[in-house]
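Here is a short report for a first look at a structure. Have the sequence and the 3D view at hand.

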Amino acid sequence: MPSTILSAVRTPLATALAGVSANVFAYVPESIPAPAVVVVPDSPYLEFDTIGKGTFRCKINMTITCCVAYNSNPASLDNIEQLITSVVAVIPNGYEVQAVDRPTVTTVGASTLLVADIRVSTWYTQTA
Amino acid sequence: MPTTVITGRDLVLTIATVNYDAQTTSVTLTNSPTIDVYQTLDGKAYKHVDDQWELSIDLLADWGAASSLFEAMWTACESAPNTTLAVSLTAVTGAVFAFNVLPVFPSVGGGAPGAQTDSWTLTVVGTPAETF
């Protein structure tokens with residue numbers, strides 16, 4: 001069975017992130033228990049940079065969304081900065097870490113979260 | 001009959017029988033001909049006297065990978081810099097070019113935050129053999 005993007009890219013990334021002090025998801029969960037780190041696709045999601053079509057290979061753009069509880073603005077900002085720092089430190093080799101978008105306040109269900117996106121890219125080649 | 005557009009995805013690159021499509025972002029085989037021009041009493045006369053072919057490749061660095069092209073090229077250039085490597089370049093199915101190139105040392109490094117990349121200009125020994 002060929003490798004999948006979930007098994008070859010997203011799950012290893014989520015596993016590498018497991019050491020940070022947050023709940024880590026390789027997909028978007030129904031509810032987000034803060035603090036949380038969620039790996040989601042960016043746009044464009046897949047880019048085809050290399051020659052040939054014998055094998056499926058592409059550059060994958062992803063967003064690592066960091067979420068902390070938004071109770072007090074200075075404390076939440078400090079918390080999300082610390083979470084971003086710890087996430088960037090454990091991103092595996094082979095990933096381009098591009099930029100962190102500005103934190104925004106988002107309401108998910110009953111909880112209010114301070115959310116910032118870390119944009120990362122890597123290359124995927126499908127193997128048998 | 002409409003033109004059939006072929007793209008970089010139709011290309012296949014093989015060096016020393018190993019396929020390196022996965023790390024190659026661009027590959028071009030070009031010729032730089034030497035044409036002498038003479039000014040005669042009747043006007044200009046031209047003589048095509050020589051050809052020098054080059055293979056230009058843009059790559060993603062693949063240090064550490066299984067069957068690494070960068071490591072193979074480094075080793076080849078270090079151990080046998082004057083021994084050619086066999087290259088096969090398929091422009092599209094049915095148009096294949098076979099030739100030999102001399103190895104070069106790859107560059108090492110890159111700029112943050114991008115991928116480590118390199119561009120090689122490989123000197124082709126002799127003339128490519130085409131199969132149309």
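In which sense do E1(B) and E2(B) pair, and over how many bridges? E1(B) and E2(B) pair in the antiparallel sense, over 2 bridges. Strands pair if DSSP finds at least two bridges between them. Helices (H or I, at least four residues) and strands (E, at least two) are DSSP runs, numbered from the N terminus.

## Model and confidence

This is a predicted model, in which local features need pLDDT of at least 70, side-chain atom pairs count only at pLDDT 80 or more, and totals for chains, interfaces and linings use all residues. Residues are numbered from 1 along each chain as its sequence is written, while chains are lettered from A and ligands numbered from 1 in the order in which they are written.

The predictor gives the complex an ipTM of 0.76 and a pTM of 0.82. pLDDT is the predictor's confidence in each residue, from 0 to 100. Chain A averages 87, with 99% of the residues at 70 or above. Chain B averages 91, and 99% of its residues score at least 70. Within chain A, confidence is lowest in strand E1 (residues 23-25), at a mean of 81. It is highest in H2(A), at 92.

## The sheet of chain B

In chain B, 7 strands form an open sheet. Their order is E2-E1-E5-E6-E7-E4-E3, and the pairing is antiparallel. Strand E2 (18-19) and strand E3 (24-40) stand at the edges with a single partner strand each, so one side of each is left without a neighbour in the sheet.

The hairpin of E1(B) and E2(B) has 2 residues between the strands. There, B:Ala16 takes a positive phi near 50°. B:Ile15 stands opposite B:Val18 in E2(B). E1(B) also runs antiparallel to strand E5 (residues 85-92) of chain B, joined by 4 bridges. B:Leu13 stands opposite B:Leu89 in E5(B).

Elsewhere, 7 bridges join strand E4 (residues 43-60) to strand E7 (residues 117-131) of chain B, again antiparallel. B:Leu55 has B:Leu122 in E7(B) as its bridge partner.

## A helix with two sides

Helix H1 (residues 69-79) of chain B has three named buried residues: B:Leu69, B:Phe70 and B:Met73. A residue is buried if 20 or more other C-beta atoms lie within 10 Å of its own, exposed if 12 or fewer, and partly exposed in between, with C-beta atoms placed from the backbone. The buried residues of H1(B) fall within an arc of 100° seen down the axis, so they line one face of the helix. That arc is of the directions from the helix axis to the C-beta atoms. They pack against strand E1 (12-15) and E4 of chain B. On the other side of H1(B), B:Thr75, B:Glu78 and B:Ser79 are exposed.

## Nonpolar cores

A nonpolar core is a set of buried Ala, Val, Leu, Ile, Met, Phe, Trp, Tyr and Cys residues joined through C-beta atoms within 7 Å. The largest has 29 residues. A:Val37, A:Ile64 and A:Cys66 are among those that touch the most other members. A second, separate core of 23 residues includes B:Val27, B:Phe70, B:Met73 and B:Phe99.

## Where the chains meet

The contact takes 13 residues from chain A and 15 residues from chain B. Residues are in contact if their C-beta atoms, placed from the backbone, lie within 7 Å. E4(A) gives the most to the side of chain A that touches chain B, with 3 residues.

Notes. Contact = placed C-beta atoms within 7 Å.
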